[in-house]
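Thanks for coming, everyone. Please have the sequence and the model open while I talk.

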Amino acid sequence: MKRIILVGAGHAHLECIQQGSHPDVNWIVINPSRYQYYSGMFSGLADGTYTLDETRIDVEALCEYHGKTWIEDRVIRIDAANKQVICQSGQILSYDIVSCNIGSRDWEIAGAPRVTIKPNYRIDQALEVFRNAVSPVIVGSGAAAVEMAASFRSAGSPVKLIHEEPLLAGHPAGPKVAKRLDQLGVKRIVDRFDTLEGQTAWLQSGQSLETDALLFLGGARASKLFQESDLYCDAKGFLLVHETLQALEDPSIFAVGDCATLTAYPDTPKNGVTAVRQAPVLLKNLLRFVNQERLVTFHPQRRYLTILALGGKQATLLYGRHHQTNHLSWCLKQWIDRRFIRNYTN
């Protein structure tokens, strides 16, 4: 009997939990929370579209239903030489194959008003702090920063958005998104965030502003797990994997989603869309590895669909360089979000 350990309950692992089946495999899932929250619905949480229960999947119940062993713990190191994972609790588990789908970690910024939505099972407390803030500030120029700023503002929060780069990394939709934020009353400050001293946020220009809740959404930051496990990582600490989703130095280690960098496609976006696309390839390769069969390769799409909620039941649909903003896009996003959750609810 082979043992496959799934570290984390991200998008790709949810598919493995639900669809993974092999007579000679014992599946173990390790995650620090029994609930996995769908980050694509966080903007809907912020503006009141969704309740907390509507945005989460009960991973423990999903494992029980599909015959997988569930462990609520955090893996802090992978001992590749001895094929073991070491958990925060001190528990040590042997594996034949280990797969990681743990997402990324938050940026470390000192300061009392700092609000974090990673790990995502703390989202409810984080949003509550931000909603009750007098001077909430979001830092970032990407999709997450744009969505959260629009959603909080549409719910009545006096949000300021600090961004140095053009919104959405210069995508053609950026100017229209900026105009939408301006219409909502989001105060945008085009500057580089520098430091947080007490409740004062300092910018590169020398300007400062007071805040009692700062949410930094500056993109993915690598988990410490792989560097602390002495595995081959890129310069930022993301695990390097082949197109088969296997680690460079050890074919029994797999990784997908935000936590990994594809050596053949290093610029692949680190987001949920990528993890969803990798899910069927991961599942197929885990089973093929057990059967000692030839593995298949993952090739990221050049274009993919993204929908950003922009408050007031409006959303911007992005596909490649094309974009449109309307209520229909918002309705489509609701359907996709709810369908994703329903897929993993018994």
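This is a predicted model: local features need pLDDT of at least 70, side-chain atom pairs count only at pLDDT 80 or more; totals for chains, interfaces and linings use all residues.

Asp58 and Arg34 form a salt bridge, and their closest N and O atoms are 2.6 Å apart. Where do the two residues sit? Asp58 is in strand β4, residues 56-58, and Arg34 is in the loop between β2 and β3. The pair therefore ties together parts that are 24 residues apart in sequence. Now check the surface. Asp58 has 22% relative accessibility, so it counts as partly exposed. Arg34 comes out at 29%, so it is partly exposed too.

Strand β4 has another residue to look at. Arg56 is found there. Its side chain makes a polar contact with the side chain of Tyr37, at 2.9 Å. Arg56 also makes a side-chain polar contact with Asp53, at 2.8 Å. Leave out residues up to four places away in sequence, and Arg56 touches Tyr35, Gln36, Tyr37 and Ile341.

How many salt bridges does the structure hold? Nine. Let me show you two others.

Start with Arg131 and Glu128. They form a salt bridge, with closest N and O atoms 3.4 Å apart. Both lie in helix α4, residues 123-131. They are three residues apart, about one turn of the helix. Here is the general rule. An α-helix has 3.6 residues a turn, so residues three or four places apart point the same way. Back to our pair. Arg131 is partly exposed, with a relative accessible area of 31%. Glu128 is partly exposed as well, at 40%.

Next, Lys333 and Glu147. Their salt bridge has its closest N and O atoms 3.9 Å apart. This pair links distant parts of the chain. Lys333 is in helix α9, residues 327-343, while Glu147 is in helix α5, and they are 186 residues apart. Buried or exposed? For Lys333, the relative accessible area is 6%. The cut-off for buried is under 20%, so Lys333 is buried. Glu147, at 10%, also counts as buried.

On to the sheet. What is the order of its strands? Five strands form an open sheet, in the order β5-β2-β1-β9-β19, and the pairing is parallel. Look at the edges. β5, residues 69-72, and β19, residues 253-255, each have a single partner strand, so one side of each is left without a neighbour in the sheet. From one strand to the next, the twist averages 20°.

Strand β9, residues 97-100, runs parallel to β19, and three bridges join them. Take Val98: its bridge partner in β19 is Ile253.

Helices pack here too. Helix α1, residues 11-19, packs on the sheet and touches β1, β2 and β9. Its direction makes about 145° with that of β1. Helix α8, residues 272-290, lies across β1, β2, β9 and β19. It runs at about 170° to β9.

Why call α1 largely enclosed by the rest of the structure? Because seven of its nine residues are buried. Find them on your screen: His11, Ala12, His13, Leu14, Cys16, Ile17 and Gln18.

Last stop, helix α6, residues 174-184. Which of its residues are buried? Gly174, Val177, Ala178, Arg180, Leu181 and Leu184. They cover an arc of only 160° around the axis, which puts them on the same side of α6. Now turn the helix around. The face away from the buried side carries the exposed residues Pro175, Lys176, Lys179 and Gln183.

What covers the buried residues of α6? The cover includes α5, residues 143-154, and β12, residues 160-162. It also includes β13, residues 187-189, and β22, residues 315-319. One more detail. Just after α6, Gly185 takes a positive phi of about 100°.

That's my tour. Over to you for questions.

Key: Residues are numbered from 1 along each chain as its sequence is written. Side-chain values use heavy atoms; hydrogens and water are left out. Buried means under 20% relative accessible area, exposed over 50%, partly exposed in between (1.4 Å probe, protein chains only). Helices (H or I, at least four residues) and strands (E, at least two) are DSSP runs, numbered from the N terminus. The arc is that of the directions from the helix axis to the C-beta atoms. Contact means heavy atoms within 4.5 Å. Two strands pair if DSSP finds at least two bridges between them. Axes are lines fitted to C-alpha atoms, for helices over the stretch in contact, and angles run from 0 to 180 degrees between N-to-C directions. A salt bridge is a side-chain nitrogen of Lys or Arg within 4 Å of a carboxyl oxygen of Asp or Glu. A polar contact is a pair of N or O atoms within 3.5 Å; within protein, one must be able to donate a hydrogen and the other to accept it, and residues adjacent in sequence count only if both atoms are side-chain atoms.
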